[in-house]
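Please walk through this model with me, from the overall fold down to single side chains. The structure comes next.

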Amino acid sequence: LLPTIISRCQVLNLRPPSVPLVQKALQERWGVDARRAGLLARLSGGRLGWAVRASQDETILRRRERRLDEMAELMRQGRVERLRYAQRLSQNPDELQEVLDLWLGWWRDLLLIKGGNSTEVTNVDRQAMLRSQARDYSLDQVRDSIEALRSAVWQLEHNANTRLALEVLMLSLPGH
């Protein structure tokens, strides 16, 4: 951009709405009960539109549940099963980004729990499972998993071979 244009620009730092604000909006504007609104507000990451859609469409939360269960099962699987999962996931680009985002959030929650900060956990409805997995994995394994996920996302954003990037990711994640 030309310097004359840049000099007239103003930086606006936009932040997503807070969890309490999303929860309040869900309760007051869309009539969602307090417990469900609290869960959706946490899971939304400040995306009010997602929270509203999830409050009206049960399939969104069921799909999330299924994907988290798949991830937990995948961590117990061997290489062959992981590579099959990578192949299946690579064939559905719409599902892929949602799965990777969900997994990143999960490993972030594990990192928070390992660090002793369970109050900031996103997946509040799965805290028992998070605590169990936090005992199973070392801090280095959790950190390495987050880095592997970030690397896969970066590679996919930069047009890497989807299946290959996912296979590398699957082989990078820890197992039991």
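Buried means under 20% relative accessible area, exposed means over 50%, and partly exposed lies in between (1.4 Å probe, protein chains only). This is a predicted model: local features need pLDDT of at least 70, side-chain atom pairs count only at pLDDT 80 or more, and totals for chains, interfaces and linings use all residues. Residues are numbered from 1 along each chain as its sequence is written, and side-chain values use heavy atoms, with hydrogens and water left out.

Start with the whole chain. The protein chain has 10 helices and 0 strands. Helices and strands here are DSSP runs (H or I of at least four residues for helices, E of at least two for strands), numbered from the N terminus. Along the sequence the pattern reads α-α-α-α-α-α-α-α-α-α. The C-alpha trace spans about 50 × 50 × 35 Å along its principal axes. Of the 176 residues, 38% count as buried. A contact means heavy atoms within 4.5 Å. Take the contacts between residues at least 6 apart in sequence: 58% of them join residues at least 24 apart.

Now the surface. The protein chain exposes about 10700 Å², and carbon and sulfur atoms supply 50% of it. Accessible areas come from the Shrake-Rupley method with a 1.4 Å probe; for residues, only the protein chains shown count as cover. Leu1, Leu2, Ile5 and Ile6 form a nonpolar surface patch with about 450 Å² of accessible area together. Patches take residues with over 30% relative accessible area and no salt bridge; like charges are joined within 9 Å, and nonpolar side chains (Val, Leu, Ile, Met, Phe, Trp, Tyr) within 5 Å. Ile6 sits in helix H1 (residues 3–6). Its relative accessible area is 46%, so Ile6 is partly exposed.

Which residues of helix H4 are buried? In H4 (residues 48–56), they are Trp50, Ala51, Val52, Ala54 and Ser55. Their cover includes helix H2 (19–30), helix H3 (34–44) and H5.

Gln133 belongs to helix H8 (residues 127–136). Gln133 counts as buried because its relative accessibility is 6%. Beyond neighbours within four places in sequence, Gln133 is in contact with Ala72, Trp106 and Leu110. Ile113 belongs to helix H7 (residues 93–114). With a relative accessible area of 13%, Ile113 is buried too. Not counting residues up to four places away in sequence, Ile113 touches Ser118, Val121, Leu130, Arg131 and Ala134.

Turn to charge. The chain carries 27 positive and 22 negative charges, and their mean positions are 3 Å apart. Lys and Arg count as positive and Asp and Glu as negative; His and the chain ends are not counted. Each charge is placed at NZ of Lys, CZ of Arg, CG of Asp or CD of Glu. Side chains of opposite charge can pair when their charged atoms come close. The structure holds 16 salt bridges. A salt bridge is a side-chain nitrogen of Lys or Arg within 4 Å of a carboxyl oxygen of Asp or Glu.

Look at three of these pairs. Arg76 and Glu73 meet in a salt bridge at 3.0 Å, N to O. Both lie in helix H5 (residues 58–76), 3 residues apart, about one turn of the helix. Arg76 is exposed at 52% relative accessible area, while Glu73 is partly exposed at 36%. Glu167 and Arg163 also form a salt bridge, 3.0 Å from N to O. They are separated by about one helical turn because they are 4 residues apart in helix H10 (residues 162–172). Arg163 is partly exposed, at 37%.

Arg88 is partly exposed, with a relative accessible area of 36%. Glu95, at 10%, counts as buried. A network of salt bridges links Arg63, Arg66, Arg67, Glu70, Arg88, Glu95 and Glu98.

Finish at a loop. Asn159 lies between helix H9 (139–157) and H10. Most residues other than glycine have a negative phi. The phi of Asn159 is near 65°, a positive value. Asn159 counts as exposed, at 72% relative accessibility.
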